[in-house]
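Colleague: I have the model open next to you now. Can we go through it together, one topic at a time?

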Amino acid sequence: MKLHNIGTVIAFEVRRTLTKPSFWLTSLSIPLLMAVVFALMWFSNASTIASVDAQREQVVSFTYTDASGIVDPAVAADLGGTLTTDAEGAARAVREGNAELHLDVPADPSTEPVRIVGADLGPIASGQWHVVARDLVEASAAERIGDPVLTSVLTSVDTQAELWKDGERSAGLGGVIAPALFLVLLYMAVLMLGQQMLNITVEEKENRVTEMILTTLDPRVLIIGKVVAVLLVGIIQALVLIVPVTLAGLLIPALAGGGAMATASGMEGLDLAGEPIVVDPARMLVAAGLFVGGFLLFTGLLVAIGSVMPTAKDAGSAFGAVILAMFLPLYTATLVLNDPGSAVSQFLTWFPLTSPVTALLRNAMGSLSLAEGLGVMAVLFAMAGLFLWAGVRLFRQGSISYDKRLHIAKAFRMSGRGEQA
Amino acid sequence: MSAGRDSMGRMTNTTPVIEVRDFTMRFGDRAVVDRLSFEVRAGETFGLLGANGSGKTTTVRALLGIYTPTAGRLLVHGRPFDPAADYSLGYLPEERGLYRKERVLDVMTYFGQLKGMERSHAALWSQDYLDRVGLSDQANAKLTTLSGGQQQKVQLGVTIMDDPSLLILDEPTKGFDPVNRRLLLDLIEAQRAAGATVVIITHQMEEVERLCDRVLLLKDGRAEAYGTVADVQDAYGSGIVRLHFSGTLPEADGWRPLTLERNYAELELAPDTDPQALLRRLVDAGVELRTFDASRTSMEQVFLKVYGHAPDQGVAA
């Protein structure tokens, strides 16, 4: 196939996108928004931590009853507590505004809650009563145990795993992260570029410019040129997103180092159990192949859909179905990961529309064999080629079907004989 | 291959630029074009005529590779149309438009590049054209902000960029205002004078008579008439004489009155009747003539005879 004029198409498409202020506004708004959100979260978290620390240091005067006998009077006194036998009277004093806090420690604090009667200082500040109640019981229990190590063990135990598979040390969770990034990349690429892919062939139809274009270049060149242009724009968009984040990470080490940011963003939940991130070259290559195949497949599908639809609005409604196919494997992830050999897992692994996500997920978790990976890749590339071929064919047939949706079966039936659908 | 015209303005080169042989196109079970053959010679202005649905646009689309023909050969310069070929094509389709959200100069430059011009040359050419048609101040405006007439001018500019050696214009004046219609006809004339081959698909019979060297009349996908305008006119009527007179016309012999009023008449001549002979007969009969205008049957009348209705009353395709 001659690629006559493909450079002109790519340059025009890229240039006109990059010269639009809306592109830069949209692209820059994402890192900007992320920066604002992270900054707000950081300040909010720092403020909360400072507030909690201040509350811990502040001695609160309170009364308490102790049905369990666990509470150590000396610990209670240090925290500002005074033992009382008149629970109702102490509670009434709080209700009438004469005291701030009264606690009733139950007979069995391990199964029953500590009753708190406290002054309402607002939804945030009132939280300190819970802190006081917990500190009172926990500090008294620790005092009774009398051994700091035992006390620490009761509250937190660290673990470090050494996993083995087929006689070899397994990377475990540390081996999941790197190949799983390709899954994230696939979602980002399709979500960010999908709409543009869908509109690749619609624009010419909507503008009635198809006939003039087709006398200057081959439809395959137009489509390939536009796909390449969208990819280039996507790369630029990704750089616009990544560069500020990287710069921020380099210039503000505290952000990259975690600390308050990690706490604020909930990242402390991502516990690799002490395992380092491991990069398995074979798994990474399979992931890369699945990513490229999957991306091309969705590109081909979206181009084909765009070729059938007369307007961007009509094409947009079909985009939802594609997204649904991408997210479906996530809903069945537990089944797929626990039982990759089941019929459902196998179907999702090999059915073209669910295959990229399912295979990438299984590859990341280490339940996709190399042979399966190569097989799925072959299916993805074959289907991508088929969809692109169909997209070009349908574009040629539907390019001058300006006002109506192209009848697919009729188009294919006729295209062999060169007729109009 | 050279093309030109003699001192009378007649096309002189007979080298075919377009060759269509036994072209058939089916839409389902219906043959829209059936075994059509014709050729367009270098330097001539060729009219592709017919009622709506007669297969004109389908023929052009197949010629330009937008449709693949069911059967037959459609060649431009001896080969199937190829966008990458070294000749330049200017095509104004019936369904026309441009990238409305883009700037005028950008769109024109893009099409210039697609036609093989250097980017800088295409931009200069476009700027010059916009100056000529009074749109230089709109060069950086988005097309969607231009009026319909201004967009038509841009469309015309895109069509004639790179001085095409072959111009194919499908219903070129359709939707054009009188100013742009005039502009279009001037541009066609300029391209013609420069030696371009022009194919016009039109309903406007007046334009056919003014512009075309040869025509093809399509009816139900078949060639109904094909040849020079004069040949076609002769084939569908030998001639018309319009006269203003005083007196009484002699008995009809070799002619029949189409219109006969007290002092004005339109006479259709029989195929073997010479207008000069009729003139002599009228003078001999004592008819006092103030005007005597002999002409061929108009293309409008030819169209009427072929299709049974006026060109602008065709049925939808």
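Colleague: Let's begin with chain B: what share of its contacts with a separation of 6 or more comes from residues 24 or more positions apart?

Modeller: Bear in mind that this is a predicted model. In chain B, residues 24 or more positions apart account for 68% of the contacts with a separation of 6 or more.

Colleague: And what is the figure for chain A?

Modeller: Among the contacts in chain A between residues at least 6 apart in sequence, 72% join residues at least 24 apart.

Colleague: How many helices and strands does chain B have, and what box do its C-alpha atoms fill?

Modeller: Chain B has 9 helices and 13 strands, and its C-alpha atoms fill a box of roughly 70 × 45 × 40 Å along the principal axes. Of its 317 residues, 42% count as buried.

Colleague: How is chain B divided into domains?

Modeller: Domain 1 of chain B covers 16–233 and domain 2 covers 238–295, and the C-alpha centres of these two domains lie 41 Å apart.

Colleague: Backbone angles next. Which phi value does B:H77 have, and where is that residue found?

Modeller: Phi of B:H77 is near 50°, a positive value in a residue other than glycine, and B:H77 is found in the loop between strand 4 (71–76) and strand 5 of chain B. For context, most residues other than glycine have a negative phi.

Colleague: What about B:E171?

Modeller: B:E171 is not a glycine either, and it has a positive phi of about 45°. B:E171 is found in the loop between strand 6 (166–170) and helix 5 (178–193) of chain B.

Colleague: Over to the interface: how many residues of chain B are in contact with chain A?

Modeller: On the chain B side there are 26 residues, in contact with 22 residues of chain A. The elements of chain B that give two or more residues to that side are strand 1 (16–27), strand 5 (89–92) and helix 2 (104–114), and helix 2 gives the most, with 4 residues. By type, the residues on the side of chain B that touches chain A divide into 15 nonpolar, 4 polar and 7 charged.

Colleague: And the cores: which residues have the most contacts inside the largest nonpolar core?

Modeller: The largest nonpolar core has 132 residues, and those with the most contacts inside it are A:L290, A:L360 and B:V199. Helix 13 of chain A, residues 281–308, gives the most to this core, with 13 residues. Apart from that core lies another, of 17 residues, among them A:Y64, A:L79, A:A99 and A:L101.

Colleague: What does A:L360 touch?

Modeller: Not counting residues up to four places away in sequence, A:L360 touches A:F182, A:L183, A:L186, A:A287, A:L290 and A:F291.

Colleague: Staying with chain A, what span should helix 10 have?

Modeller: Helix 10 of chain A has 33 residues, 219–251, and at 1.5 Å a residue it should span 48 Å; its end C-alpha atoms are 48 Å apart, which agrees. Among the buried residues of helix 10 are A:V221, A:L222, A:I223 and A:Q237.

Colleague: Last topic: where in chain A does pLDDT stay under 50?

Modeller: One such stretch is residues 256–270 of chain A, for which the model has 17 contacts beyond four places in sequence. Another is residues 416–421 of chain A, with 22 such contacts. The mean pLDDT of chain A is 82, and 87% of its residues reach 70 or more.

Definitions and conventions
Residues numbered from 1 in each chain as written. Chains lettered and ligands numbered in written order. Predicted model: local features only at pLDDT ≥ 70, side-chain atom pairs only at ≥ 80, totals over all residues. Contact = placed C-beta atoms within 7 Å. Nonpolar A, V, L, I, M, F, W, Y, C, P; charged D, E, K, R; others polar. Domains from an automatic or database assignment. Buried ≥ 20, exposed ≤ 12 C-beta atoms within 10 Å, placed from the backbone. pLDDT = per-residue confidence, 0-100. Expected span 1.5 Å × (residues − 1). Core = buried A, V, L, I, M, F, W, Y, C linked by C-beta atoms within 7 Å.
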